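Subject: Structure handover and findings

Hello,

Here is the structure for you to take over. My notes follow below it.

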Amino acid sequence: MTQRMLALVRYFMRSLLYSLAGVLYILLALASWWIFFPPNQTTPHVDYYILIIAILGAVFSFLVTFTMAARANQAIHYPIMVRLPDRVEYLVTVLLSALGFATLLQLLVAVLATFHGPAFTLARIVQIPIVWLPVNVVLALLALQASDLVSNSWS
């Protein structure tokens, strides 16, 4: 079961990465870095850094989950859904692949923002996953529940 899920997660992430939507998401991440963390200025404070990237990650999670669910609901993927023993497994792979792609976008912005960013303490570095991950998971779950993959007749 785990190997099947990991293979599907890799497939969905790779198919989104090499699509036009994936390129647009990467460009959106770069544009948001350019707007919120201009390269010629320093980031004013650690709290600003954590808050803005948490909001961007939540937005990325919401949008990427909608895109991933729409791609997973295409007719080309019906043979995959039939072979799986449970539909929950398919939903979990869609959710994990969307969260993985959105987290990669969030980390891209975070890494680019740290070049002229604030000085971090160990306590602030420990706070970052505690703030970012639950918000990403909640918004990805909300997007998955609102998508046609879940709301149309089966889940």
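In which helix is the place of Leu91? Leu91 sits in helix 5. Helices (H or I, at least four residues) and strands (E, at least two) are DSSP runs, numbered from the N terminus. Leu91 is buried because its relative accessible area is 11%. Buried means under 20% relative accessible area, exposed over 50%, and partly exposed in between, with a 1.4 Å probe and protein chains only. Leu91 and Leu122 are 31 residues apart in sequence, yet 36 Å apart in space, C-alpha to C-alpha.

Some ground rules. This is a predicted model, in which local features need pLDDT of at least 70 and side-chain atom pairs count only at pLDDT 80 or more, while totals for chains, interfaces and linings use all residues. Residues are numbered from 1 along each chain as its sequence is written, and side-chain values use heavy atoms, leaving out hydrogens and water.

Overall picture

The protein chain has seven helices and zero strands. From the N terminus on, the elements run α-α-α-α-α-α-α. The C-alpha trace spans about 50 × 30 × 25 Å along its principal axes. Of the 155 residues, 40% count as buried. The chain exposes about 8,800 Å², and carbon and sulfur atoms supply 71% of that. Accessible areas come from the Shrake-Rupley method with a 1.4 Å probe; for residues, only the protein chains shown count as cover.

Contact means heavy atoms within 4.5 Å. Among contacts between residues at least 6 apart in sequence, 86% join residues at least 24 apart.

Core

The largest nonpolar core has 39 residues, and Val64 and Val94 have the most contacts inside it. Such a core is a set of buried Ala, Val, Leu, Ile, Met, Phe, Trp, Tyr and Cys residues joined through side-chain atoms within 4.5 Å. Two or more residues come from each of helix 1 (2–17), helix 2, helix 3 (46–72), helix 5 (87–113), helix 6 (122–146) and helix 7 (148–151). Helix 5 gives the most, with 13 residues.

Val64 is in contact with Leu16, Tyr25, Ala98, Phe101, Ala102 and Leu105, leaving aside neighbours within four places in sequence.

Val9 lies in helix 1. Val9 counts as buried because its relative accessibility is 12%. Residues up to four places away not counted, Val9 touches Thr93, Leu96 and Ser97. Val9 and Gly100 are 91 residues apart in sequence but 8.7 Å apart in space, C-alpha to C-alpha.

Ser97 is in helix 5. Its relative accessible area is 0%, so Ser97 is buried. Apart from neighbours within four places in sequence, Ser97 is in contact with Val9, Phe12, Met13 and Met68.

Salt bridges

How many salt bridges are there? The count comes to two. The rule asks for a side-chain nitrogen of Lys or Arg within 4 Å of a carboxyl oxygen of Asp or Glu.

- Arg4 and Glu89 meet through their side chains at 2.8 Å, N to O. The pair links distant parts of the chain, with Arg4 in helix 1 and Glu89 in helix 5, 85 residues apart. Arg4 is partly exposed at 38% relative accessible area, whereas Glu89 is buried at 5%.
- Asp47 pairs with Arg124, the closest N and O atoms being 2.3 Å apart. Asp47 lies in helix 3 and Arg124 in helix 6, so the pair ties together parts 77 residues apart in sequence. Asp47 is partly exposed at 37% relative accessibility. Arg124 is partly exposed too, with a relative accessible area of 26%.

Helix 6

Does the length of helix 6 agree or disagree with what its 25 residues should span? It agrees, because at 1.5 Å a residue the helix should span 36 Å and its end C-alpha atoms are 38 Å apart. The expected span is 1.5 Å times one less than the number of residues. The buried residues of helix 6 are Ile128, Trp132, Asn136, Ala140, Ala143 and Leu144. Their cover includes helix 3, helix 5 and helix 7.

Surface

Leu20, Val23, Leu24, Leu27 and Leu30 make a nonpolar surface patch of about 460 Å². Patches are made of residues with over 30% relative accessible area and no salt bridge: like charges are joined within 9 Å, nonpolar side chains (Val, Leu, Ile, Met, Phe, Trp, Tyr) within 5 Å. Val23 lies in helix 2 (residues 20–36). Val23 counts as partly exposed because its relative accessibility is 40%.

Best regards
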